[in-house]
Amino acid sequence: MSSGKKMKICHVITRMIVGGAQENTLYTILGHLRRGHEVVLVTGPSPGREGKLLQNVDFPPFETVELPSLVRELDPANDLKAYFALKKFFRERKFDIVHTHSSKAGVIGRIAARRAGVPVVVHTVHGQAFHPYETGWKNALYKESERIAARYCDKIYAVAQAMIDQCVEARIAPREKYMVVYSGMETSAFANAVREPELRNELGLPEKARVIATLARLFPMKGYEYVVPAAAELIREYPDTHLLLIGDGPMRDELDAQIAALGLTDHFHFAGLVPPAQVHRYLAQADLLWHLSLREGLPRSVVQALATGIPAIGYRLDGTPEVIRDGETGYCVAPQQVGEVIEATRKIWNDPALARRMGETGRKRVIEQFDWPRMADILKREYRELLAHKTRS
């Protein structure tokens, strides 16, 4: 295929909620639309409080197909329906490339695409379905499903090297089938974000408060079971500490109750579901990011915080250490260790010069590496090389 020929590309993802994998997919689509390629997105329903990303972005129009049977939960009847629906769709539309995202869409979509005769089938690992905090039988099922799906695709991309290492260790596919493509985002908006007294006032943040932000869905495994007790102890020592929680989800009522029981309602500020294009404004009101998720591919919230010029503290797992350089751009601490989170925060609170240095180091490091056009161009080149190889074969 010549370098100038328009490609027909289909992206498949389980849900288009407000989340990292979804933003990654959307920016990839935008990059390829701008290059003149034909792009279609197939997604399942996106119910609940986690938001619908496609309603919160200002993007050029492109075709989106919602498949009701493509659901996140294990559901054999719907999964079979989704497989046949995708296979039929791929055959009818004759795509050059099908690129799947997320575990459920990745398994069903890759098999359906290859069986439909799509020339190039690729997948991105944004995070693992299998992980140390999942039940044994589910981990076994997820791993075997990924092994099967890997045989139906040409290349697997990962948003962090840690994802590749985990997949190879689990014998999903050989290492040579993988490639790191760091998740792209609008870094310039974060780099140029500034403090906004009116926004701080709207959020209820005192003018001189020291603010710790979290940026994640209010959802199990995202670390909020550690955020609340860590904040409670820290506030006793530093009463001017406030928490800004950016995001929404099914844990909101539970968190409200926990915080109220501790008498800390005035110290916690819920921003709710913030449109992606506005997230930089909220992060710029903070002095530090806590990212205490137990399951992550590459933590976009950490990249965004560093691009804003604030340090981050996160757990030493998955792709987090690839972004938080311990002692340089923040601190990586042992998973589930609230005491280590508090101690790392104490170091930053007690040394403002250290905090500024970490923030500036982080900003310089991520500003180019994670810019979304770079990601889109890398994937475009990959598609062309794979198509050319298939043509020669």
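Residues are numbered from 1 along each chain as its sequence is written. Because the model is predicted, local features need pLDDT of at least 70 and side-chain atom pairs count only at pLDDT 80 or more, while totals for chains, interfaces and linings use all residues; side-chain values use heavy atoms, with hydrogens and water left out.Start with helix 14, residues 372-392. Helices (H or I, at least four residues) and strands (E, at least two) are DSSP runs, numbered from the N terminus. Helix 14 has 21 residues and reaches 31 Å from its first C-alpha to its last. That is close to the 30 Å expected at 1.5 Å a residue; the expected span is 1.5 Å times one less than the number of residues.

Thr28 lies in helix 1. At 0% relative accessibility, Thr28 counts as buried. Contact means heavy atoms within 4.5 Å. Leaving aside neighbours within four places in sequence, Thr28 is in contact with His11, Met375, Ala376, Leu379 and Tyr383.

Next, the cysteines. The structure holds zero disulfides, a disulfide being a pair of cysteine sulfur atoms within 2.5 Å. Cys153 is buried at 4% relative accessibility, and Cys167 is buried at 3%.

Now the charges. Lys and Arg count as positive and Asp and Glu as negative; His and the chain ends are not counted. A salt bridge is a side-chain nitrogen of Lys or Arg within 4 Å of a carboxyl oxygen of Asp or Glu. By this rule the count comes to 18 salt bridges.

Lys88 forms a salt bridge with Glu92, the closest N and O atoms being 2.7 Å apart. Lys88 and Glu92 are four residues apart in helix 2 (residues 76-93), so about one helical turn separates them. In helix 4 (residues 136-150), Arg147 and Glu144 lie three residues apart, about one turn of the helix. Arg147 forms a salt bridge with Glu144 at 3.1 Å between the closest N and O atoms.

Arg195 forms a salt bridge with Asp287, the closest N and O atoms being 2.8 Å apart. Arg195 is in the loop between helix 6 (187-191) and helix 7 (197-203), and Asp287 is in the loop between helix 10 (279-283) and strand 11 (288-291), 92 residues apart. Arg195 is partly exposed at 41% relative accessibility, as is Asp287 at 23%. Elsewhere, salt bridges that share partners join Arg114, Asp154 and Lys390 into one network.

Which buried residue has no salt bridge? Glu322 is buried yet has none. The nearest side chain of opposite charge, Arg365, is 7.4 Å away. Glu322 is found in the loop between strand 12 (312-315) and strand 13 (330-333). A polar atom of the Glu322 side chain lies 2.7 Å from the backbone nitrogen of Ala162. Not counting residues up to four places away in sequence, Glu322 touches Ala160, Gln161, Ala162, Tyr182 and Arg365.

Key
Buried means under 20% relative accessible area, exposed over 50%, partly exposed in between (1.4 Å probe, protein chains only). A polar contact is a pair of N or O atoms within 3.5 Å; within protein, one must be able to donate a hydrogen and the other to accept it, and residues adjacent in sequence count only if both atoms are side-chain atoms.
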